[in-house]
Amino acid sequence: PTTSTLDIPINQNSVIKVDKTSATTQVTSTGQIVVYNFAVSNQGNTTLTNITVTDAKCNAAPAYVSGDSNNDSKLQTSEIWRYTCSHTVSQAEIDGGGNLNNTVTADSQQTQPTQDILDIPIDQNSVIKVVKTSSTSQVTKAGQTVVYSFTVSNPGNTTLSAITVSDAKCNAAPVYVAGDSNNDKKLQLSESWVYTCSHTVTQSEVDAGGNLVNTVTVNSDKTPPAKDILNIPVNQNPLLSITKSTEITHALIGQVVTFTITIANIGNVTLNN
């Protein structure tokens, strides 16, 4: 017998690919669960082994779902292996805005690692709210002290800073009382900050009647200003007293009697005419 040998070079082209997707199209709140799906495929011409899928944004390592049709733990060129994981959105990510940026890496024994990036827009909704209250239910006189309380809250989805509270009716600038539970000077979604101030009722306010109208304005570094108006009824009580007197105790015929007439304002409004 005789033999002849022919060598034809085998061109190995080991390539792995990963595609990252999510049904979530927008990030809107802290604690939101974003589910990621990963499709790992073999784009080369060799069978791949020791497949790994990693993603720093996953709460736990990506879990294999399906795709290994012959259960040999090898990624054939005809197969697509599917993985999934979840990510819980943090407040820092909402505050950062932009996109929830996430990178998955797939690798095998035969290939270089490959990556895919998925960006999901973050919808920032910065809102500040203030509610103004008072234990005073009625204004009755000039000089009366009305104490106002302001409760400032964050009904949006971003942390707020540089909080300001102003009220033209306050004798002095509103004073912070409580609410910043972690003392970071930032208004978290879970916090309500309380402020207070006092107003001394003027005679002109009592004379005007109607309501003691008061507007508080609150603002932050991320929001337009918000306002709240509190009306406290002014109880007008116009009241006049008159007293007539004389020093004469017994009048005689022809005697001139001088009377003193004293008029006093014993109400709470200025009287005219």
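**Salt bridges, pair by pair**

Mentor: Let's start with Lys132, which forms a salt bridge with Asp167; their closest N and O atoms are 2.5 Å apart. That term means a side-chain nitrogen of Lys or Arg within 4 Å of a carboxyl oxygen of Asp or Glu. Keep in mind that this is a predicted model, where local features need pLDDT of at least 70, side-chain atom pairs count only at pLDDT 80 or more, and totals for chains, interfaces and linings use all residues. Residues are numbered from 1 along each chain as its sequence is written, and side-chain values use heavy atoms, leaving out hydrogens and water.

Back to our pair: Lys132 sits in strand S10 (residues 129–134) and Asp167 in strand S13 (residues 164–167), so the bridge links distant parts of the chain, 35 residues apart. Strands here are DSSP runs (E, at least two residues), numbered from the N terminus. Both Lys132 and Asp167 are buried. Buried means under 20% relative accessible area, exposed means over 50%, and partly exposed is in between, using a 1.4 Å probe and protein chains only.

Next, find Lys20 and Asp55. Their side chains meet in a salt bridge at 2.6 Å, N to O. This pair also links distant parts of the chain: Lys20 belongs to strand S1 (residues 16–22) and Asp55 to strand S4 (residues 52–55), 35 residues apart. Lys20 has a relative accessible area of 4%, so it counts as buried. Asp55 comes out at 8%, and therefore is buried too.

Now for Lys17 and Asp19, whose side chains meet in a salt bridge at 4.0 Å, N to O. Here Lys17 is partly exposed, because its relative accessible area is 36%. Asp19 is at 32%, so it also counts as partly exposed.

One last stop, for the nonpolar side of the story. The largest nonpolar core has 25 residues, and Phe150, Val152 and Ile163 touch the most other members. Such a core is a set of buried Ala, Val, Leu, Ile, Met, Phe, Trp, Tyr and Cys residues joined through side-chain atoms within 4.5 Å. Strand S11 (145–153) is one of its suppliers, giving the largest share, 4 residues.
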